[in-house]
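Keep the viewer open and follow along.

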Amino acid sequence: MLDQAVQGSITFDGRLGQLDRRGRALRDLRISVTDRCNFRCPYCMPGDVFGRDYQFLPRDEILSYEEIHRLAEVFVGLGVQKLRITGGEPTVRRGLPSLIAMLAPLRTPENEPVDLALTTNGSALRHLARPLADAGLRRVTVSLDSLDDQVFRRMNGVDFPVAKVLDGIDAAVEAGLGPVKINVVLKRAENDGGIVQLARWAREAGHILRFIEYMDVGTTNGWRLDDVVPAAEVVETIAREWPLEPLDAGYRGEVAERWRYVDGRGEIGVIASVTQPFCGDCTRARLSAEGKLYTCLFSAIGHDLRAPLRGGVTDDQLAGLVAGIWAGRDDRYSERRAAATERLPKIEMFALGG
Ligand code: SAM
Ligand code: SF4
Ligand code: SF4
């Protein structure tokens, strides 16, 4: 099946749905609800580039919640099992719980509930966790790069105190959104000294830690390979304190390599997108706030779904359009990164939601 798909024929598998040219099914959709953010993390939206004068998308160019819901339904019909709401910072968009309430009841063609999650910087969770949970959210991922207040303030670019994010995480647990997943992007000589402290905190609090290798997304963060802390080093550092053993991947397309503490106190995950690319299993599509579909985090060009959506096409026509885009997908940027001799044009991470 895979070889045939790689040769370029369009493959439809009754169980898996539409396969791309490398035999990968469409399983996950990340939906960016805004390109705006209240943080300026230098690895994502450096403050000197995204200053006061930066033109974010005007309101009428952003998909409405009704439009997002309609597209989400189409994607779920095509085999998507997991929806992740992201941004920019999704909580800066007004009325987010009402979008959650629209998406939470979606069911797959096998009549399974859709796995609905949210990725946030945690700054608004103290007041939003409860309304989000009441609207039907079950899981939340919070990005938190350090427990050290000074380091955290520097890494969010707006001097935001870590205590407020920690309080937001507590609010999420109180609202029943735990165990909370914590995303940590590691940057050499910035926050790599805090790995063990984060691990200890997460073990004690029952949070699930995910360390993400700093990636060369976008064109503004000045990425250098030397700034990447390899996932293997993270595992070694933590295993020196508390022995770890590998866990099997939960499902095909799982990007985190998971490790369990031998003493039974939870697990960690590492996302080695730079040192051990996983394009072969990448089942993820991304929808930008303005309604463009990207089939890879490193794509330069998105496929516009907003124009047909607003132009009055039927759901079947939308499904055909998306299936056709997926069928033509051949992306594997991370696998080719090492061989790349030139930097290709790419879209920024905050526009795609990570
Ligand atoms: N604002 C939300 C947040 O920070 O969680 C959601 C959007 S953010 C773009 C999604 C994820 O992408 C975050 O966990 C963030 O740390 C990660 N991210 C951003 N830039 C990155 C980069 N250059 N390399 C690796 N991860 C990055
Ligand atoms: Fe904002 Fe998230 Fe990007 Fe940080 S990583 S600038 S919080 S969108
Ligand atoms: Fe998927 Fe593109 Fe990342 Fe490869 S580089 S894992 S295809 S998003």
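H2 and H3 run roughly parallel to each other, because their axes cross at roughly 25° and anything under 35 degrees counts that way. Bear in mind as you look that this is a predicted model. H2 covers residues 65-77 and H3 covers residues 96-103, and their axes come within 10 Å. The crossing of this pair is right-handed. On the H2 side, the residues in contact are Tyr 65, Glu 66, Ile 68, His 69 and Ala 72, and they meet Leu 96, Ser 98, Leu 99, Met 102 and Leu 103 of H3. Sorted by class, that contact has 7 nonpolar, 2 polar and 1 charged residues.

Next, go to H4, residues 125-135, and look at how it sits against H6. The two axes come within 8 Å and cross at roughly 20°. That angle makes H4 and H6 roughly parallel too. Here again the crossing is right-handed. H4 brings Leu 125, Arg 126, Ala 129 and Arg 130 to the contact, while H6 supplies Asp 167, Gly 168, Asp 170, Ala 171, Ala 172 and Glu 174.

Ile 195, Val 196, Ala 199 and Arg 200 from H7 touch Val 234, Thr 237, Ile 238 and Glu 241 from H8. In this contact you'll find 5 nonpolar, 1 polar and 2 charged residues.

Now for the ligands. Ligand 1 has 21 residues around it, and the closest are Tyr 43, Gly 88, Glu 89, Ser 143 and Met 215. Another contact pairs a nitrogen atom of ligand 1 with a backbone N or O atom of Met 215, at 2.9 Å. An oxygen atom of ligand 1 lies 3.3 Å from a backbone N or O atom of Thr 120.

Gly 88 turns up again in the shell of ligand 2, along with Cys 37, Phe 39, Cys 41, Cys 44, Met 45 and Asn 121. That shell has 5 nonpolar and 2 polar residues, and no charged ones.

Ligand 3 is surrounded by Phe 278, Cys 279, Cys 282, Arg 286, Cys 296, Leu 297, Phe 298, Arg 329, Asp 331, Tyr 333 and Ser 334. By class, these come to 7 nonpolar, 1 polar and 3 charged.

Two backbone details are worth a look before you close the viewer. Gly 178 and Pro 179 are joined by a cis peptide bond, with omega about -10°. Pro 179 belongs to the loop between H6 (162-174) and strand S7 (181-186). The other detail is Asn 111, which has a positive phi of about 65° although it is not a glycine. You'll find Asn 111 in the loop that lies between H3 and strand S5 (115-120).

Conventions: Residues are numbered from 1 along each chain as its sequence is written. Chains are lettered from A and ligands numbered from 1 in the order in which they are written. This is a predicted model: local features need pLDDT of at least 70, side-chain atom pairs count only at pLDDT 80 or more; totals for chains, interfaces and linings use all residues. Side-chain values use heavy atoms; hydrogens and water are left out. Axes are lines fitted to C-alpha atoms, for helices over the stretch in contact, and angles run from 0 to 180 degrees between N-to-C directions. Helices (H or I, at least four residues) and strands (E, at least two) are DSSP runs, numbered from the N terminus. Angles under 35 degrees count as roughly parallel, over 145 as roughly antiparallel, 65 to 115 as roughly perpendicular and the rest as oblique. A crossing is left-handed if the near helix is turned anticlockwise from the far one by less than a right angle, and right-handed if clockwise. Contact means heavy atoms within 4.5 Å. Ala, Val, Leu, Ile, Met, Phe, Trp, Tyr, Cys and Pro count as nonpolar, Asp, Glu, Lys and Arg as charged, and the others, Gly among them, as polar. A residue is near a molecule or strand if one of its heavy atoms lies within 4 Å of it. A polar contact is a pair of N or O atoms within 3.5 Å; within protein, one must be able to donate a hydrogen and the other to accept it, and residues adjacent in sequence count only if both atoms are side-chain atoms.
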